[in-house]
Amino acid sequence: MRKPIHSADPLLRLQASITARDNKLLDWLYDHGVLTTDQIAAALFPSLDFTQRRLRRLTLLRAVDRFRPNRAYGGSYPYHYVLDQLGYDHVHVQRGLGRPRRDQARRRKQSLTSRPDLPHLLGGNQVFIDLAAHARTHPDTELARWQPASAYHEPGTLYRKGGDPQIIIAGATGFPRPDGAGVWTERGRSVPFFLEYDTSGEHLPVLIEKIAKYERLYLMSTWAWPVLFHLPSARREANLHHRLAGIDLRTVIATTTAELRTALNASPADQVWQLAAHGGRHRLIDLPYNDTDHDEEYTSQDQPAPDERVA
């Protein structure tokens, strides 16, 4: 009896083994570079053990690769996962792109392992991972979109019809370069947002200058999303709000802290966001925005009126 013929094409073999959850993971790694085992488990899998088994399988299939950075004072961090070359091939096929460079996975892994701001990248990714993890246990919610910082590196991506063409002409330096952007949906409503992930590595005037760039974009465009500043401490947050107290902002600036979220065991979707010049905390879904394009794409029965602001 003849033995069954198995495909010699590694990509076809990978595609025969891929699940919808694997597809999402590979898409995330393609767009956002690197995720840790714990992040992947929290957002996509029912348990850490299940996650580890699946990641071992994807590693054997050459869909993903992994590394463990060394800690400064000994030991190492958990595994950090990136796309392997077949992972790039698979995502390119799924997205209808041309074949990737043959050394794309090697080059990107080298870039990520030597990246000095890797903790900043992982921290920004963590905010979105926490939203995805929240959605896993709350069926009426969804992280409907997660865009990387690279999606906004060119100023033309911030331009909308009817806005000032100077948004394109002036160049990227005069306009925001967020650490990510997303769309959060809850109970039939959705809100788009930008994320600025702060590690206290920059002086407060640098944060103020970032806010000035969002204000410039607001005044020159036809749309405005809330800007979420995720700060490390209550002291940092209080100092930022003190600096903003005398500024007449049109942009919606909302802040929270890692300290507060840890103390409350709270998701970014929860009531943890403080608006500049307003007291109290608000849920992410309740933050105001102004974007008719978004409203047409994410239709709901309870979208905010244009220029609505929290009192």
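**Exercise 1.** Which strands does helix α10 lie across, and at what angle does it run to β8?

Solution. The model is predicted: local features need pLDDT of at least 70 and side-chain atom pairs pLDDT 80 or more, while totals for chains, interfaces and linings use all residues. Residues are numbered from 1 along each chain as its sequence is written, and side-chain values use heavy atoms, without hydrogens and water.

Step 1. Helices (H or I, at least four residues) and strands (E, at least two) are DSSP runs numbered from the N terminus.
Step 2. Helix α10, residues 234–244, lies across β7, β8 (253–257) and β9.
Step 3. The angle between α10 and β8 is about 160 degrees, taken between N-to-C directions on a 0 to 180 degrees scale, with axes fitted to C-alpha atoms and, for helices, over the stretch in contact.

**Exercise 2.** Describe the sheet and the helix α7 that packs on it.

Solution.
Step 1. The open, mixed sheet has six strands in the order β4-β5-β6-β7-β8-β9; strands pair if DSSP finds at least two bridges between them.
Step 2. Its edge strands are β4 (141–148) and β9 (274–275).
Step 3. β4 pairs with β5 (180–186) in the antiparallel sense over seven bridges.
Step 4. Helix α7 (118–137) touches β4, β5, β6 (189–197) and β7 (227–231), contact being heavy atoms within 4.5 Å.

**Exercise 3.** Identify what Leu25 touches, leaving out residues up to four places away in sequence.

Solution. The contacts of Leu25 are Leu35, Ile40, Leu44, Leu55 and Leu58.
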